Structures are given as structure tokens and as C-alpha cells.
Amino acid sequence: MALSLTSIVAVLAIFYFIYSYINSAIAERKFQKFARDNGCSAPFISANKLPWGIDRLWIILRAQSTGLDVLDDLIYKGQAAVKWTNEGSGIFGRKGLSTSEPKNLQAVLATKFKDFEQGELRHKQFGALLGVNVFNSDGPFWEHSRAMIRPQFSRDQINDLDDTEHSTQLFVQAIPIGADGWGELDIGPLFYRFTLDTATAFLFGSSVDSLKAALPGVDVKQLRNEAERFAQERSKADVNFSEAVSLAQTFLANRIRLQGLYWLADTPAFRRSVAYIRNFTGYYVQMALNATGGDAEKGYNTSKKYNLMTALASECRDEVELRDQILALLFAGRDTTSALLSWVFLEIAQRPDVQQKLRQAVQDDFGNDAQKLNFATLKSCKYLQHVLNETLRYWPTVPVNNRTAVRDTVLPVGGGPNRDQPVAVRKGQLVNMMMYAMHRRKDIWGEDALEFKPERWESRKLDWAFVPFSGGPRICLGQQFALTEAAYLTVRILQTFDKIEWAGPAGKPRKGLGLTLFPRDGVRVRVRKAVR
Ligand code: HEM
């Protein structure tokens with residue numbers, strides 16, 4: 001008797017399930033043996049109420065409307081309750097290990113670097129805009145990218161602060177000051193413009209000067225430069241570069257939140273922004289390729305001072321790769337640095353004691369002189385550095401991060417009832433690194449861990465409990481660039497305004513979580529121009 005098609009499919013399905021079951025049972029036995037051989041103990045397992053972590057995803061997605069503080073109420077308290085390491089079935093059933101242990105972060109990021117990678121998901125989440133680049137690749141392509149880009153972040157390039165001063169002056173002009181010498185504004189959006197302008201000057205050789213659009217009485221359309229007109233024509237997006245970047249950034253953040261369903265965050269507006277940004281950047285890439293290929297007729301000013309695009313163009317002739325590498329740097333650097341500045345000024349405005357001490361340090365080291373500011377002098381201004389460090393501890397702009405294990409491996413702590421035993425990690429397992437929680441642990445930072453206190457840095461050395469820029473071979477490439485820009489602008493603002501008062505909502509600041517952690521209600525301040 002011939003079997004029907006349905007019966008054949010059913011038999012095959014049963015065989016497939018049996019095969020998968022046996023396979024995973026064998027893999028689990030192998031993994032358990034691996035764990036035993038390496039002296040590992042089981043991690044604390046957190047159970048979800050609904051399958052595949054749907055309840056958790058739902059809570060996170062609704063956080064804005066319910067007022068839940070994901071970092072404090074869910075992550076910090078959750079990590080404290082499980083003694084800083086646990087395993088949970090992540091969103092859509094992917095088992096993840098979450099940890100706020102310095103030793104584990106050190107292992108993932110440095111000592112066991114080869115056992116982990118960014119993983120496929122990250123490539124897909126960012127790929128729609130950024131293609132493949134230093135930020136979202138692994139293996140040989142990442143090594144090649146990093147080796148090519150790293151020398152361009154040398155101290156000499158960072159020390160060229162002419163463009164930074166140019167943007168600082170626009171920044172100050174964009175602050176409306178009344179006849180009484182006072183002005184009130186949300187200073188946060190200006191930080192976004194500032195970091196976009198200084199980053200584009202460094203990367204493209206020419207700042208997009210988005211701060212000009214914030215000056216009083218300016219016709220924004222008149223400001224569009226050639227690259228913007230070029231991008232607009234081709235992408236049919238009626239935006240400028242800064243608007244396109246903001247929109248794309250929001251979509252990228254949503255793609256991260258949606259995890260495996262990242263592809264849902266996609267609309268025609270997002271695609272138009274992507275096309276705009278790629279064309280805009282492509283315009284500069286073409287000029288850099290022409291310039292470095294000796295085609296002077298194309299009009300690129302080769303005598304212009306250093307810029308990263310031209311430097312990279314002499315090593316990489318692939319137009320698309322060059323574009324994606326530059327874009328990755330821009331996206332990795334803009335929001336992170338502006339979020340840092342936003343938190344610094346939120347704290348300075350809310351804490352007159354910190355402001356007073358910082359102002360004194362600035363006066364002592366620099367007076368009112370912009371000429372004295374450079375990489376070395378900014379670094380040696382101790383209290384300024386303490387304020388920056390404390391801001392990055394208390395408000396880490398990248399509050400959580402993750403890696404995927406590429407083989408069965410072991411992390412030094414987190415197993416057993418006291419979480420002090422090694423813990424085994426499966427190949428393919430996600431390890432979530434909870435920097436925000438780790439930066440606020442009382443057993444590491446003291447009873448005052450939940451206070452903003454720059455003075456703690458007088459006696460503290462940098463170690464793996466403090467990783468705002470990550471660590472190991474993939475440590476942030478722009479760390480010194482970002483710290484120099486942030487320190488420079490902070491000093492110049494304090495030289496220009498002698499009082500900064502908080503004018504935003506009272507109480508605990510609400511957090512915004514996009515690609516970075518930022519003050520959700522902005523940074524509303526009242527400032528008084530210093531009289532000289
Ligand atoms: C306060 C400012 C900044 C913070 C807090 C910050 C933080 C970080 C963190 C945590 C990572 C690790 C990401 C990961 O491995 O998953 C990273 C990587 C990176 N950052 Fe930054 N960043 C900042 C500014 C910048 C700037 C200004 C640039 C460039 C202009 C930049 C370029 C990069 C690049 C290229 C990577 C990838 C490095 C690699 O994977 O080899 N960052 N950053």
C-alpha cells in the first residue's frame with residue numbers, strides 16, 4: 001500500500017525531531033562533561049514567566065509608557081538579587097548569561113578574547129546602514145579594519161584642536177543670551193550638533209557645521225553644502241545630514257531592542273535616510289579617492305590639513321568599504337560623546353559644589369585662555385578628569401553590551417551558591433555584560449556607590465570594574481578623541497559662562513535608552529555669561 005504524501009511528511013518530521021533531540025542530548029552531555037572537567041559550577045538560573053522571554057521583552061518595550069527604569073529597576077536590582085551573575089532564557093529562547101563581574105568582563109573582552117565575537121545578530125542589526133566595518137565585523141576583516149584605522153587616532157591627530165575651537169565658537173554663539181546676561185535653553189541638542197561637527201571635521205576633512213543651523217535667524221536651506229545637495233538629489237529625502245543621522249540612529253536603536261526581529265524596524269523613511277547618508281558620505285569618499293589617486297582636476301583640496309578619510313583612502317581603494325568604515329566611526333562616536341557631555345552638564349548644573357570646584361580647577365590651569373588647551377594640559381587637569389571619569393562610571397553611555405561564545409568556554413566566576421566558582425558557557429551562548437550595574441556595585445565602589453562623587457577618583461586606579469570604553473583588543477578606538485573633545489568643550493563653556501543653573505524637572509533624571517544612555521528630558525539650564 002502506497003504511503004500518502006502527508007504520511008511521508010509526518011514520518012520525516014518525527015525522524016527529524018528524534019534526531020534533533022538525540023543531537024542536543026549528546027551536545028548537553030558533552031557540555032556538562034566540559035563543565036565538570038573545568039571545575040565549573042552551575043550559574044543561578046532565572047526563570048521567565050512566559051516562554052521565550054516574551055514577558056521580559058514586553059516589559060522592556062513598554063518601559064517608556066509605564067515609567068519603568070529598565071536600568072535601575074530591572075537590570076541593577078535584578079543583578080544585585082542574583083549576586084551579579086545569572087543565566088536566563090533570553091528573548092526568543094536564546095539562553096544568555098548576564099554578568100556584572102569585573103573578572104568575567106576581563107575574560108570576555110581580553111584574556112579569552114578569541115572565545116567570543118560580536119556575532120551575526122550585530123552584523124544584521126547595523127548592516128542595513130553601516131554595511132560591514134570595524135565596529136560590526138569579526139575575525140580577519142575586523143583585524144584588517146582595526147589595523148588600518150588605529151594609527152589615525154594617534155595623539156598628533158587628536159591634538160589638532162583648530163576645528164574643535166571653531167565648533168566651540170559656533171556652540172557659544174548658538175546660546176541665546178538676554179540683555180541681563182542670562183540665557184535659558186536645553187543644551188543637550190547643541191551637544192549632538194557639536195559632536196557631529198567635530199567628528200565630520202576629523203573624518204571628512206570638512207565639518208558639516210550643523211551648529212550654524214542653530215544660530216538665530218539662519219535659513220537652514222541656504223546652509224546646504226554641495227555634499228548635502230548631492231545626497232538629497234539622489235535619495236529624494238528632504239532632510240539635512242544631521243536630521244538623516246538622527247533618524248537612522250533611532251532605527252538602529254530599535255533594531256537592537258527588537259533583537260531577532262530587528263528587520264521589523266524598517267520603513268521607507270529609514271531607507272531614504274540610509275540612502276541620503278550613504279550618498280553624502282560617498283561624495284566625500286569620491287573626493288578622497290580622487291585626491292589620493294592624484295586626480296587633482298576633480299577639485300579636492302589636497303593641501304587641506306589632515307583628515308581621516310584621505311588617510312584611509314591611500315590604503316583602501318574600495319569605495320563601499322571606505323564609506324562604511326567612516327560611517328561606523330561617525331555612528332560610534334557622535335551620540336556617545338554627546339551623551340557624555342549631556343550627563344556632565346546635568347551633574348554640573350545640579351551640583352553647585354562640583355561646579356564650583358571644577359570652575360576653580362579650570363581657572364587655576366587655564367585662566368580664560370583657549371590657547372592653553374591641548375591633549376596634555378587637559379589630561380593633567382585632575383578634577384576635570386575626575387568629573388569625566390565619574391560621569392562615565394555613574395552614567396555609562398554604553399550601559400550594557402554583549403558577546404557570543406564561539407566555542408564552549410569558561411568564565412572565572414559566577415557559578416555556585418556564592419557565585420565564586422567558574423562557570424561554563426556554551427558555544428553560541430550570549431554573554432550580556434552589565435556595565436551599568438557593575439559601575440554601581442557597593443561592594444566594589446563603596447557605600448556611596450549610588451552617589452555622584454568625582455572625589456572618589458583621587459584614590460582610585462583604573463581596573464576592570466570601570467569599562468565605559470570596553471577593554472582588551474576591541475577597546476574603543478575613539479576613546480582619547482572623545483575625552484579630548486568633551487574636556488575641551490567643558491573647559492571652554494566654563495570659561496565663557498560663570499554660572500550654570502539647573503532649569504529642568506526636579507528629582508531623579510529620567511533615562512533615555514537608544515544606542516546610548518542619555519538624559520530623556522534633556523539638559524535644561526540657565527547660564528550667565530561671564531563679564532571680562
Ligand atoms: C564618550 C564617548 C565614547 C564612548 C563611551 C565609547 C564607548 C565604546 C564602547 C563601549 C565600545 C565597545 C563596543 C563593543 O565592542 O561592542 C566602543 C567601540 C568603538 N568605538 Fe567608541 N565610544 C566613544 C566615542 C567614540 C568615538 C568619538 C569614536 C570615533 C570617532 C569611537 C569609535 C569606536 C570604534 C571604531 C569602536 C569599535 C572598535 C572595535 O571593535 O575594534 N568611539 N566605543
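Predicted model: local features only at pLDDT ≥ 70, side-chain atom pairs only at ≥ 80, totals over all residues.
Colleague: Is Gln64 buried, partly exposed or exposed?
Modeller: Gln64 has 13 C-beta neighbours inside 10 Å. A buried residue needs 20 or more, and an exposed one has 12 or fewer. Gln64 therefore counts as partly exposed.

Colleague: At what angle do the axes of helix H9 and helix H21 cross?
Modeller: Helix H9 covers residues 162-173 and helix H21 covers residues 479-496. Their axes come within 11 Å and cross at roughly 45°. That angle makes H9 oblique to H21. The crossing angle is thus roughly 45°.

Colleague: How many residues of the contact of H9 with H21 are charged?
Modeller: The residues of this contact divide by class, with four nonpolar and three polar. The charged residues number two.

Colleague: What does UniProt list for Cys476, and where is that residue found?
Modeller: The UniProt entry, which is unreviewed, lists Cys476 under "binding site". Apart from neighbours within four places in sequence, Cys476 is in contact with Phe469 and Ser470. Its place in the chain is the loop between helix H20 (442-445) and H21.

Colleague: Is Cys476 buried, partly exposed or exposed?
Modeller: Around Cys476 there are 19 other C-beta atoms within 10 Å. Burial requires 20 or more. Cys476 is therefore partly exposed.

Colleague: Which residues does Ala449 contact, leaving aside its neighbours within four places in sequence?
Modeller: Ala449 is placed in the loop between H20 and H21. Ala449 is partly exposed, because 16 other C-beta atoms lie within 10 Å. The residues in contact with Ala449, beyond those neighbours in sequence, are Arg440, Arg441 and Lys442.

Colleague: What is the phi value of Asp209?
Modeller: Asp209 is found in the loop between helix H10 (188-204) and helix H11 (226-235). Asp209 counts as partly exposed because it has 19 C-beta neighbours inside 10 Å. Its phi is positive, in a residue other than glycine, and is near 45°.

Colleague: Is Lys236 buried, partly exposed or exposed?
Modeller: Lys236 is found in the loop between H11 and helix H12 (241-257). Although Lys236 is not a glycine, it has a positive phi of about 60°. Its C-beta count is 9 other atoms within 10 Å, and 12 or fewer is the cut-off for exposure. Lys236 is therefore exposed.

Colleague: How many residues of each class does the contact of H16 with H18 have?
Modeller: Helix H16 (residues 352-366) and helix H18 (residues 382-394) pack at an angle of about 140°, with their axes 8 Å apart. That makes H16 oblique to H18. Val354, Lys357, Leu358 and Ala361 in H16 meet Tyr383, Leu384 and Val387 in H18. By class, the contact has six nonpolar, no polar and one charged residues.

Colleague: Is Val274 buried or exposed, and what does it touch?
Modeller: Val274 lies in helix H13 (residues 268-292). With 21 C-beta neighbours inside 10 Å, Val274 is therefore buried. Not counting residues up to four places away in sequence, Val274 touches Ala128, Leu129 and Ala248.

Conventions. Residues numbered from 1 in each chain as written. Axes fitted to C-alpha atoms, helices over the stretch in contact; angles between N-to-C directions. Helix = DSSP H or I, 4+ residues; strand = E, 2+ residues; numbered from the N terminus. Parallel < 35°, antiparallel > 145°, perpendicular 65-115°, else oblique. Nonpolar A, V, L, I, M, F, W, Y, C, P; charged D, E, K, R; others polar. UniProt positions renumbered as here; feature names shortened; annotations may be inferred. Contact = placed C-beta atoms within 7 Å.
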